[in-house]
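Dear colleague,

I am handing over the structure we spoke about, and I would be grateful if you could look through it with the notes that follow.

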Amino acid sequence: MSTAAVAPALQPLIEAPRRVDVGAVERELAELWRFAAEQSGHEGVVLTRARTLTLVAYAADPQSAAALGDVVLQTSQRHPARSILLVADPDESALRAEVTASCRTLRRSHKQICSEQIVVRAAPANRDHFPSVVRNLVLPDMPVVLYWPSPERADPFVEDLREVADRLIIDSAAFPDESAPPPAAGLLATGERAPLGDLTWGRLALWRSLTAQFFGPPHGAAGERIRKVRIAHAATTRVQALLYAGWLTSRLRWKVAQPLRGGEGPQRATLTDQRGHPVALSLHPESRARHPAGALLSTMIVTGGGDGGGEEATFSIQRNDEASAVIAAGEGTQRPATRQALPLEGQDEASLLALEMDLLGRDRIYEEAVRAAAALSAAA
Amino acid sequence: METLLSERLREGLRLRRQPSPCAVVIFGGTGDLARRRLIPDLYNLARKGLLPAAFAVVAFARRPNSDETFREQVRQAVEESPEVPYDAAVWENFAGRITYVQSDYDDLAGYDRLGRHLSDLDGRMGLGGNRLFYLATPPSVYHDIINRLAASRLGVRAPRPGDPGPAEGWARIVIEKPFGSDLQTARDLNWRVGEVFDETQVFRIDHYLGKETVQNLMIFRFGNTIFEPIWTRQYIDHVQITMAESGGIAGRGGYYEEAGVARDMLQNHLLQLLTLVAMEPPAAIEADAVRDEKVKILHAVRPVDPDEVERTVVRGQYGPGAVDGRAVPGYRQEERVDPASVTPTYVAARFEIENWRWAGVPFYLRTGKRLPKRVTELAIQFAVPPLQLFRQVGMDEMEPNVLTLNIQPDEGISLRFAAKVPGQAIRIRAVNMDFNYGTSFGVEEPTAYERLLLDAMIGDRTLFARRDEVELSWALVMPILESWEESRPPDFPNYEAGEWGPEAAKALIERDGRRWRRL
């Protein structure tokens, strides 16, 4: 393995975070940068503070705050940001803040690129103060992204915080898989202010790209008559499989004739394509070690044959047992077989968050996929 | 050709365009460029999922090799590449697409074998008859290859409007620089290429144009409101374009003795950068609209008068010296270099563009080997403020604003402006505001070749030089080359390795009351 792709390690700019009153955060940050500039000058290092947006993250308890803080910090490598981590902490009696900064050294350079982090803690009963704190601390006239993996639906606090943000990023896979429609659908309905992003959508990026490739040349014609779609996913949550199915349904303008049905085992639905031909869709939960809960394990699309005619072909994408790569294969009666192996990279939370942060506006394709997924699961 | 279905599925994906299935045929497949750059970059494109599922690489070269031994050679190159992460599963799949055809470049039978091999691959892999021919050979065999491609019917002219029926697949040709060694040879090569391929099939590659900052130059100029209005002679004092290399000729003495710095760098890279800085906004960001504007600039550059060459162009050759604390030989001591060589390794030139926007604004270009550091930048130096308000506080002359576009090693943009030093007194200091690609977008950038290979497979010619661009650039360089050939330089070597070129280069710009930027 070449070392080229390994990102330089992040180093804290100061030994320990500085505790400050919430009202003194900006002043303390200014002091921190002045101190850092002096220090770096002595060491012959050029420090650059980089801030392209404000990233706000919410942790509902101190236990999840540490991991979330780490994700936010790693994300700053790709999107240098002022990050504000809001922590609901039962041990806190008042609002309290900590400031620090982290830097990475550019390759072949004496330059260090630094981002600042602010942690604000409050007792859960006082969390309603967080939106006003965030309003005070966001970078002027820069985008604000709110990362909250699984916000409670219909909670006014969520909407208050969302009011401050330009985008809300969730992780559909972080919600308990108990419901229809999928949780993102409910958040879409209320999200006029901050469009929605979803880490689970990023997990599907490679699968979507490979599926699109199937129906380019040389198999383009085969896609005109898709008969069957079979999606296998790791138990216990089906949300990723559902979103993939929703994406196919919305992009190909299929209609839901029969929503998904079934119990603990496979779920089946019937759709109709634009010409009125039926498309059989099935979701299959499988228990497999090594794979994260809900991860797509394989997809298979069968085309042609039957009443609709067209080229008979099978297109499959398969995650390998090591969960390190996917194999995409296409095989038809009229065209040569194709096979591709691609590494399954960037599936960690920080990479997926960074990917979602590339887009700051509305993701129309995602939203249509969520709505289609909701329609598919309407009666499940 | 994308289908409606795949277009719908591609909506919202990062790469909206995907190349159609094709075979990339690399002539000079065992050379350094192919083994260390092209094939690792193709592999990396495959690793990123940017290549079509039906895809093949055919290396065509003189050395005897089996598919297996060649794959092993390039596997090692991929593993050793500092820019490409090696993944065994991806490599295994990619390696299965690499094949090798051994032949001399002038042996028609070899091209017939290549044709049969490609037909076989079409049948087995569904490549649709699409071929991208990449000339990664020394230029001396370009004519042989093009002639044999024509004779073997592998190089097929794209159908023109009105031609009967569609052709089976497409054929494109990528040609590495140097594109000719002077205006006449460039015209000859263009003529020969044009007999076999339509201009829409020809991709003349200048890898500098694939670099992120070079492309960002257009975004910077035409995607921001604040810069374009001041991008004129009213506000810009002059422009400096520097391409400095700390390295020597790296064992390429034979080539360099023939080429020299003007052919190697000035005619292509430097003039390409000049056109991008100076061109008018194109009607659209598409191949011919952009290239039309670049060509207009080349037409507007005032050719150097042969009598003026000595005054407006400086040539240099490095002697022994030290770079980065290490003693290095002079050019004449390099391998395969004539000990009395008069080949220039440095050039500095002053150009003027005679159009409404740029009249009176000099463009200073310099490039050379064995300079103190490796750096490429475009610097736009603005005029000083019209009124010297701060003269009473000891500031006779303000430092001018400078906008710098760094192309290598750290791609980014920097703006220098004046700021007050904190304190009671009014003291003014120039400060830099830096934008660094690595800072603001901590993402892995594609290499220039990755981008250009993908563009060639997709058929997007925006970042490739058109025939008229190449010939106009040669026409601008010819008076310089001819003048140099007529008069031997009296003082070579005239700069030490590790210095910023000869003294005469300083005089060239200082004569105008300006100075080279200290880099």
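Below are the conventions, and then the findings on salt bridges, helix packing and the surface.

This is a predicted model, in which local features need pLDDT of at least 70 and side-chain atom pairs count only at pLDDT 80 or more, while totals for chains, interfaces and linings use all residues. Residues are numbered from 1 along each chain as its sequence is written, chains are lettered from A and ligands numbered from 1 in the order in which they are written, and side-chain values use heavy atoms, with hydrogens and water left out.

Salt bridges

Over all chains, a search of the whole structure finds 59 salt bridges (a side-chain nitrogen of Lys or Arg within 4 Å of a carboxyl oxygen of Asp or Glu). One of them joins A:D358 to A:R78, with the closest N and O atoms 2.4 Å apart. This pair links distant parts of the chain, 280 residues apart, since A:D358 sits in the loop between α9 (349-357) and α10 (364-376) of chain A and A:R78 in the loop between α2 (62-75) and β5 (81-88) of chain A; helices (H or I, at least four residues) and strands (E, at least two) are DSSP runs, numbered from the N terminus. A:D358 counts as partly exposed, at 35% relative accessibility (buried means under 20% relative accessible area, exposed over 50%, partly exposed in between, with a 1.4 Å probe and protein chains only).

In chain B, the side chains of B:R357 and B:E280 meet in a salt bridge at 2.7 Å, N to O. The two residues are 77 residues apart, B:R357 in the loop between β12 (346-352) and β13 (362-368) of chain B and B:E280 in the loop between α9 (253-278) and α10 (287-300) of chain B. B:R357 is buried, with a relative accessible area of 12%, whereas B:E280 is partly exposed at 31%.

A further salt bridge is formed by B:R350 and B:D512, at 2.6 Å from N to O. Because B:R350 lies in strand β12 of chain B and B:D512 in the segment after α15 (503-510) of chain B, the pair ties together parts that are 162 residues apart in sequence. B:D512 is partly exposed, with 29% relative accessibility. There is also a network of salt bridges that links B:D288, B:R291, B:D292, B:R466 and B:D468.

Helix packing

Helices α6 (residues 142-151) and α7 (residues 183-196) of chain B pack at an angle of about 15 degrees, with their axes 9 Å apart (axes are lines fitted to C-alpha atoms, for helices over the stretch in contact, and angles run from 0 to 180 degrees between N-to-C directions). α6(B) and α7(B) are therefore roughly parallel to each other (angles under 35 degrees count as roughly parallel, over 145 as roughly antiparallel, 65 to 115 as roughly perpendicular and the rest as oblique).

For α9(B) and helix α14 (residues 467-486) of chain B, the packing angle is about 140 degrees and the axes are 10 Å apart, so α9(B) and α14(B) are oblique to each other.

Surface and one distance

B:I426, in the loop between β16 (412-420) and β17 (428-436) of chain B, is partly exposed, with a relative accessible area of 40%. In chain A, A:A205 lies in helix α7 (residues 205-214), and the C-alpha atoms of A:A205 and A:P156, 49 residues apart along the chain, are separated by 32 Å.
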